[in-house]
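Welcome! Take a look at the model below, and then we will walk through a few of its local details together.

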Amino acid sequence: MRFKQLVLGVGLAVAAAQPAFAEDVAICYNCPPEWADWGGQLKNFSKDLGIDVPQDNKNSGQTLSQLLAEKENPVADVAYYGVSFGIKAKEADVVGAYKPVNFDAIPDGLKDPNGSWFAIHSGTIGLFVNADALEGAAVPQSWSDLLKPEYKGMVGYLDPSSAFVGYAGAVAINRAMGGSLDDFTPGIEFFKKLKENDPIVPKQTAYARVLSGEIPILIDYDFNAYRAKYKDGANVEFVIPTEGTVAVPYVMSLVKNSPHAENGKKILDYVMSDKGQAHWANAYLRPVIASAMSEEAATKFLPATDYARSTPVDYAKMATAQGGFAERYLSEVR
């Protein structure tokens, strides 16, 4: 009898430790809790929709690779990635078409007309700087500053051959150095010089490493720096380099033939709803539905005069050029 009670007790404990039942689950690739306040949004899904979405720490390149590997037997329901990877996912036929709420309000150029991918928010590339970790050096103000000897071993950037933020940074630097999406030579030459300054090149989001001072200067998005400053109270600054930069969208897709498609659609509807868009704005991202940005949230951003140094980029061409850049980076820089 005691044995049966023990077995029953263990069984109940195991059951209690399991995640939500399958019908209450959706799998999102690349929704890391430390990035863009996905942690808070995952809690919103559970609270408001009753859908459990486990955290996932892939980057954009890893997400697309996984979708391709699982094409015949999909695991994920939705995917989140930089715009160039969303475009590639459609080309690879691993995503389905779905138009969430507010789809018609998304500006042209920030969505696939059939809903194979659509922007949910955007960020501006610049320098996320932990001022306390600079060892007396001034806060850098330009891309060229990063090559100075006083910043040796202090500069980090995510691997541009895999992480979208790394590639977006490379596009910004290349254009600032006189290059274009047809010619990445100026950017490659910059990264060669930066390599001599002993940069730190992680593959995954490095937010905590900036806060700890391990990476004093990270080429990253504005929203991470604002989060560090206003939410975590760190002595950080965000700098839009004097030579200019780019603003790029992050997009989501419904995975083709996904196992929990209806839940995936509910997740996409939520992130595009007024409430979901306001969540991004309060996490210091620019929501794709501009009206979701409150006046209070807008005051946390640098002045418009700084953002004027961010100029448009052809996202489709950016996607086309990505493979060639990655090959050059891996062969000439890494």
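Asn 257 sits in the loop between strand S8 and helix H9 (261-272). Helices (H or I, at least four residues) and strands (E, at least two) are DSSP runs, numbered from the N terminus. This is a predicted model, where local features need pLDDT of at least 70, side-chain atom pairs count only at pLDDT 80 or more, and totals for chains, interfaces and linings use all residues. Residues are numbered from 1 along each chain as its sequence is written, and side-chain values use heavy atoms, leaving out hydrogens and water.

Most residues other than glycine have a negative phi. Asn 257, not a glycine, has a positive phi of about 60°.

Now to helix H3 (residues 60-69), whose buried residues are Ser 60, Gly 61, Thr 63, Leu 64 and Leu 67. Their arc around the axis (taken from the directions from the helix axis to the C-beta atoms) is only 160°, so they lie on the same side of H3. Among the elements they pack against (contact means heavy atoms within 4.5 Å) are strand S1 (28-29) and strand S8 (247-255).

Conventions: Buried < 20%, exposed > 50% of the residue type's maximum accessible area, 1.4 Å probe, protein only.
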